[in-house]
Amino acid sequence: MVGVIIPRYGSPSTNEVLKGIDSIAYTEDIQLMITNSDLDIERTKKNIRLLQRQKVGVIILLATTIDEELEEQLRTSKTPIIIVGQKLSGLPAYVYQDYEAGRLIAEHAIKLGHRHLLFVGVTEEDYAVGVLRKKGFYDVAKQNGAQVSFIQSDFSRSQNYEKALKYLPQTKATYIAAATDHMAIGIFNACMELGVQIPNQISLSGFGGYSETRNVLPHITTIQYSHSEMGETIMKAALQTLETGKNRLHTELPVQLLIQGSTEELKG
C-alpha cells in the first residue's frame with residue numbers, strides 16, 4: 001500500500017498527478033490510500049501520522065508549505081516519504097523547473113515589447129510557487145530594465161477576480177503574469193467585467209498548462225507542466241523504494257512555454 005497526501009481537492013494539477021500515480025499503481029497492483037490536507041499544514045502532519053499508523057510502505061506528499069515542525073517530521077519518519085513540488089536538502093524530492101518557468105514567461109513578455117509588468121503571486125511559504133516562479137520572472141525583468149510591481153493573492157479564482165476589479169483600473173502594467181492558471185482565469189474574468197480587452201490592452205499569462213486556459217477566449221498563454229508524467233515518475237520511484245529501500249534524492253521535470261491568444265506584441 002502507498003499513501004498519498006494531496007494539498008486540496010479540485011486542483012487540475014493535483015488531479016493530473018493522481019491520474020499518473022493511479023495508472024502505474026493499477027498496473028503494478030498497488031493499493032493507494034489518499035488523504036487530503038485542504039492547504040492546512042496541521043492536517044498534513046496529521047495525515048502523515050495517520051498513514052504511518054496504517055503501515056503504508058511509502059508516503060507520497062504533494063507539498064505546498066513546509067515549516068520546521070513538518071520538516072523534522074519528514075526527516076525522522078521511519079516510513080519513507082517522497083516529496084513532490086518542494087525541495088528539502090537530503091530528502092527525496094520531485095519538482096518542476098519553477099525558476100526556469102518564471103524566466104520563460106518574463107522573456108516572452110520582454111520579447112513582445114512590454115516594460116511595465118505585474119506579477120500576481122502567493123505567499124512565500126509556498127517556495128516553488130511563491131518564491132521560485134516570482135524570482136525567475138523578476139530576474140529577467142530587471143536584467144532587461146523592465147518595471148515590475150507585485151500583488152499578493154491566493155490560489156482561488158474568486159479572490160483574484162475581486163482583487164483584480166480593484167487594481168486593474170489603476171495599473172500601468174501592460175503585461176500581467178499570474179502565478180497559476182486558476183489565478184489568471186480569475187483576473188481574466190475581472191477584465192471581462194471591466195471591459196479591459198485581452199490582449200489589446202493587457203496581455204495575461206499563467207502557469208500550469210491547465211485545460212481551463214483553453215476554455216476561455218482568447219486562450220491563456222501559460223507554462224506547460226507535465227503533471228501526469230510527474231505522477232507516473234513518482235509512483236515508479238515509490239515502487240523502487242518499496243523494492244530496494246532506496247530512491248533518487250532530487251529530480252527536476254522540465255517545463256515549456258505554451259503561447260496562446262492572451263499575449264501579444266505591445267502596440268504603440
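Author: Ala 190 is found in helix H7, where helices (H or I, at least four residues) and strands (E, at least two) are DSSP runs numbered from the N terminus. The structure is a predicted model, in which local features need pLDDT of at least 70 and side-chain atom pairs count only at pLDDT 80 or more, whereas totals for chains, interfaces and linings use all residues. Residues are numbered from 1 along each chain as its sequence is written, and side-chain values use heavy atoms, with hydrogens and water left out.

Ala 190 has a relative accessibility of 0% and therefore counts as buried; the term means under 20% relative accessible area, while exposed means over 50% and partly exposed lies in between (1.4 Å probe, protein chains only). Apart from residues up to four places away in sequence, Ala 190 touches Tyr 161, Ala 164, Leu 165 and Leu 168, contact being defined as heavy atoms within 4.5 Å. Ala 237 is 47 residues from Ala 190 along the chain, and their C-alpha atoms are separated by 42 Å.

In H6 (residues 157-167), the buried residues are Asn 160, Ala 164 and Tyr 167. They lie on the same side of H6, because they cover an arc of only 70° around its axis; the arc is that of the directions from the helix axis to the C-beta atoms. These buried residues pack against helix H7 (181-194) and against strands S6 (116-121), S7 (147-152) and S8 (175-178).

Ile 198 and Pro 199 are joined by one, with omega about 5°, and Pro 199 lies in the loop between H7 and strand S9 (203-205). Another joins Leu 217 and Pro 218, with omega about 0°; Pro 218 belongs to the loop between S9 and strand S10 (222-225).

Further along is helix H8 (residues 227-244), which contains Thr 241. Thr 241 is likewise buried, since its relative accessible area is 7%. Leaving aside neighbours within four places in sequence, its contacts are Val 58, Pro 80, Ile 82, Lys 246 and Asn 247.

The next part concerns pairs of helices. Two packed helices are described by the angle between their axes and the distance between the axes. Helix H4 (residues 98-111) and helix H5 (residues 127-143) have axes that come within 7 Å and cross at roughly 35°; axes are lines fitted to C-alpha atoms, for helices over the stretch in contact, and angles run from 0 to 180 degrees between N-to-C directions. H4 passes H5 in a right-handed crossing; a crossing is right-handed if the near helix is turned clockwise from the far one by less than a right angle, and left-handed if anticlockwise. From H4 the contact includes Asp 98, Tyr 99, Gly 102 and Ile 110, and from H5 it includes Ala 128, Leu 132, Phe 137 and Gln 143. The contact residues divide into 9 nonpolar, 3 polar and 6 charged, where Ala, Val, Leu, Ile, Met, Phe, Trp, Tyr, Cys and Pro count as nonpolar, Asp, Glu, Lys and Arg as charged, and the others, Gly among them, as polar.

Within H5, Ala 128 is buried, because its relative accessibility is 5%. Ala 128 touches Gly 85, Gln 86, Asp 98 and Arg 133, not counting residues up to four places away in sequence. Val 95 is 33 residues from Ala 128 in sequence and 8.4 Å away in space, C-alpha to C-alpha.

Helix H2 (residues 41-53) and helix H3 (residues 68-76) pack at an angle of about 15°, with their axes 10 Å apart. H2 is therefore roughly parallel to H3; angles under 35 degrees count as roughly parallel, over 145 as roughly antiparallel, 65 to 115 as roughly perpendicular and the rest as oblique. The crossing of H2 with H3 is left-handed. Ile 41, Thr 44, Lys 45, Ile 48 and Arg 49 of H2 meet Glu 69, Leu 70, Gln 73 and Leu 74 of H3, a set made up of 4 nonpolar, 2 polar and 3 charged residues.

Between strand S2 (32-36) and H2, the loop contains Asp 38 and Leu 39. Phi of Asp 38 is near 55°, a positive value in a residue other than glycine; Leu 39, also not a glycine, has a positive phi of about 60°. Asp 38 is partly exposed because its relative accessibility is 46%, and Leu 39 is partly exposed with a relative accessible area of 44%.
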